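Subject: A structure for you to look at

Hi,

Here is the structure I promised to pass on. Have it open while you read, and I'll walk you through what turned up.

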Amino acid sequence: MRTLALFVPVAYLAHTRLRRAPQLWGLLVLTEWLPAGLVLVLLGGRSPLDALVGFGLAYGAFTSEFEIGYLANDLLAFR
């Protein structure tokens, strides 16, 4: 995996966890992205575009922290 891809949110997750089980993408969309996006659109008090852009940015920041943990865990397990 190219080092630059490590700086893209969800890239490490997709490369290491979801690559072997592509059906998990559907599960991720149906159980995380869709419900959270609907809650923000319906209850957020903002336009749908603002809510979805805000969700994308917040999810990117949130998942980046998990990916740092995934990367650290994988590096420790490799050693």
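Predicted model: local features only at pLDDT ≥ 70, side-chain atom pairs only at ≥ 80, totals over all residues.

Phe7 counts as exposed, because its relative accessibility is 67% and the cut-off for exposed is over 50%. Now look for Ile68: Phe7 and Ile68 are 61 residues apart in sequence, yet their C-alpha atoms are 9.9 Å apart in space.

Next, go to Leu18, which belongs to helix α1. Leu18 has a relative accessible area of 7%, so this residue is buried. Leu18 and Leu28 are 10 residues apart along the chain, with 9.7 Å between their C-alpha atoms.

On to helix α2, which runs over residues 23-43. α2 has 21 residues and reaches 30 Å from its first C-alpha to its last, close to the 30 Å expected at 1.5 Å a residue. If you follow α2 along, you'll come to a bend of about 35 degrees at Val29. Just after α2, look out for Gly45, which has a positive phi of about 75 degrees.

Val29 comes up again on the surface. Together with Leu30, Leu34, Leu38, Val39, Leu42 and Leu43, Val29 forms a nonpolar patch. One member, Leu43, is in α2 and is exposed, with a relative accessible area of 68%.

Now for the aromatic rings. How many aromatic pairs does a search of the whole structure find? The search gives five. One of the aromatic pairs is Trp33 with Tyr59, and this pair is edge-to-face: the centres are 5.8 Å apart and the planes are at 80 degrees. Trp33 lies in helix α2 and Tyr59 in helix α3 (residues 48-78), so the pair ties together parts that are 26 residues apart in sequence.

Are the two partners buried or exposed? Trp33 is partly exposed, at 26% relative accessible area. Tyr59 has 13% relative accessibility and counts as buried, because the cut-off for buried is under 20%. Both residues also belong to one aromatic cluster, along with Trp25, Phe55, Phe62 and Phe66.

Notes: Residues numbered from 1 in each chain as written. Heavy atoms only, no water. Patch = residues over 30% accessible without salt bridge, like charges linked within 9 Å, V, L, I, M, F, W, Y side chains within 5 Å. Areas by Shrake-Rupley, 256 points an atom, 1.4 Å probe, with all protein chains shown as cover. Salt bridge = Lys/Arg side-chain N within 4 Å of Asp/Glu carboxyl O. Helix = DSSP H or I, 4+ residues; strand = E, 2+ residues; numbered from the N terminus. Buried < 20%, exposed > 50% of the residue type's maximum accessible area, 1.4 Å probe, protein only. Expected span 1.5 Å × (residues − 1). Bend = angle between axes of the 7 residues up to and from the residue. Phe/Tyr/Trp six-rings, centres within 6.5 Å; stacked < 30°, edge-to-face > 60°.
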